[in-house]
Amino acid sequence: MNSLDIAERFGFLVYKRKSFPHLSLRFKGIDLHVDSTPGDGFNLITHAHSDHYGHKNVENPKAIASIETAKILKTVSNKEFSGVIFKIGDSFRLGELKIETYPTKHIHGATAFYIKEIGALITGDVKHWECLPRCKVLITEATYGHPSFVFEDEIDRLLSVAKSNIALGAYPIGKAQRVAEILNSEGYEFTAEDKIKKICSALGIEVGNSGSRIVSPRNLKDGYILTAQRYYRRPRIVISDHMDYRGIIAMVEHCKPEHVLFYHGKPSEKLKKELSDMSITCSTLRDVDITLP
Ligand SMILES: [Zn+2]
Ligand SMILES: [Zn+2]
């Protein structure tokens, strides 16, 4: 389904802006730019990962982000977030649009936006789909959209290596806080590199001074990389911020959309076929064929 098909069937426009990331929606004259650089209208920021462009919106008064997302963006940019902030679970209005927010547990602050009038749910990246509402159009991600990505987090392995005061390579925004919270909840002492400490402290997560050390993957010399991605050569423990392939299908079954638009990550042919077997139409950013300045 291309932009026109979606407009005809669901009554809102999905478009791209020339050479800007991801996509935008227009309904009743209101433009919503999703995980993109600032534009006329409003910018919805699902979470603070840089490939979702929150850092480009720190000084945009019409950017909209959760309290935790704003805290992370402030910590990494050293600038106060000047947009509109909300508590995850609250709803707010943009003109005639009522927007509800839901947690996706991808990283701290990660939010899905449900636009009631058009039945569209924009999820951003997702770890847990259980709190998401039903929707007509699911605008979502497929980071692990290939059936070969089936995994469980290896928490027990993480805890067993963390006993031996080892280096743990975790992406500083999100993954590092996930690991810090797991270690805290099990009573393990650990420390972290400065950037990670700062983000933890902005979110109220305690970091100690001894024990295992959480570092960015790029600063990892010996130790384990914590990821579900398979392209790392070092010893790896699966700890993911995303759902796996089965999770994507389970989310779709849970949200019961008529149409799924993958705007981030790469759905495989197999995934598209599975949706079509469920009588759900599906498109990707490539099918968004209206470009506005
Ligand atoms: Zn992300
Ligand atoms: Zn992402």
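A residue is buried if 20 or more other C-beta atoms lie within 10 Å of its own, exposed if 12 or fewer, and partly exposed in between, the C-beta atoms being placed from the backbone. By this rule Y53 is buried, with 21 other C-beta atoms within 10 Å. The phi of Y53 is positive, near 65 degrees, in a residue other than glycine. Y53 belongs to the loop between β4 (42-44) and β5; helices (H or I, at least four residues) and strands (E, at least two) are DSSP runs, numbered from the N terminus.

N78 also has a positive phi without being glycine, with a value near 60 degrees. N78 lies in the loop between α2 and β6. N78 counts as exposed, with 7 C-beta neighbours inside 10 Å.

## Basis of the model

This is a predicted model, in which local features need pLDDT of at least 70 and side-chain atom pairs count only at pLDDT 80 or more, while totals for chains, interfaces and linings use all residues. Residues are numbered from 1 along each chain as its sequence is written, and chains are lettered from A and ligands numbered from 1 in the order in which they are written.

## Domains and their contact

The protein chain is assigned domain 1 (3-147 + 243-292) and domain 2 (155-237), with bounds that come from an automatic or database domain assignment. The centres of domain 1 and domain 2, taken over C-alpha atoms, are 28 Å apart. Ten residues from domain 1 and eight residues from domain 2 take part in the contact, where two residues are in contact if their C-beta atoms, placed from the backbone, lie within 7 Å.

On the side of domain 1 that touches domain 2, there are five nonpolar, three polar and two charged residues. In this classification Ala, Val, Leu, Ile, Met, Phe, Trp, Tyr, Cys and Pro count as nonpolar, Asp, Glu, Lys and Arg as charged, and the others, Gly among them, as polar.

## The nonpolar core

In soluble globular proteins, nonpolar side chains tend to be buried together. A nonpolar core is here a set of buried Ala, Val, Leu, Ile, Met, Phe, Trp, Tyr and Cys residues joined through C-beta atoms within 7 Å. The largest such core has 78 residues, and A120, L121, V179, I214 and L226 have the most contacts inside it. Helix α6 (residues 245-255) gives the largest share of this core, five residues. Domain 1 (3-147 + 243-292) and domain 2 (155-237) both give residues to this core, so it lies between them.

When residues up to four places away in sequence are not counted, L226 touches L158, L168, G169, A170, K175, V179, I237 and I239.

## Antiparallel hairpins

Strand β1 (residues 13-17) and strand β2 (residues 23-27) pair in the antiparallel sense over three bridges; two strands pair if DSSP finds at least two bridges between them. Y15 stands opposite S24 in β2. Five residues separate β1 and β2 in their hairpin, and S19 in the turn has a positive phi of about 55 degrees. β1 also pairs with strand β19 (residues 291-292), in the parallel sense over two bridges, and K16 has T291 as its bridge partner in β19.

Strand β7 (residues 91-94) and strand β8 (residues 97-103) are antiparallel and share four bridges, with S91 opposite E100 in β8. Their hairpin has two residues between the strands, and G95 takes a positive phi near 55 degrees. β8 is joined by five bridges to strand β9 (residues 111-115), again antiparallel, where P103 stands opposite T111.

## Parallel strands

An open sheet of five strands, with parallel pairing, has the order β13-β14-β12-β15-β16. Its edge strands are β13 (190-192) and β16 (236-237), each pairing on one side only. Three bridges link β13 to strand β14 (residues 212-215) in the parallel sense, and F190 has S212 as its bridge partner in β14.

Strand β17 (residues 259-265) is mostly covered, with six of its seven residues buried. Strand β11 (residues 137-142) runs parallel to β17 and is joined to it by six bridges, with L138 opposite V260. β17 also pairs in the parallel sense with strand β18 (residues 281-284) over four bridges, and the bridge partner of H259 in β18 is T281. From β17 the chain crosses through helix α7 (residues 269-277) to β18 in a right-handed β-α-β crossover: with the strands pointing away from the viewer, the path from the first strand over the helix to the second runs clockwise.
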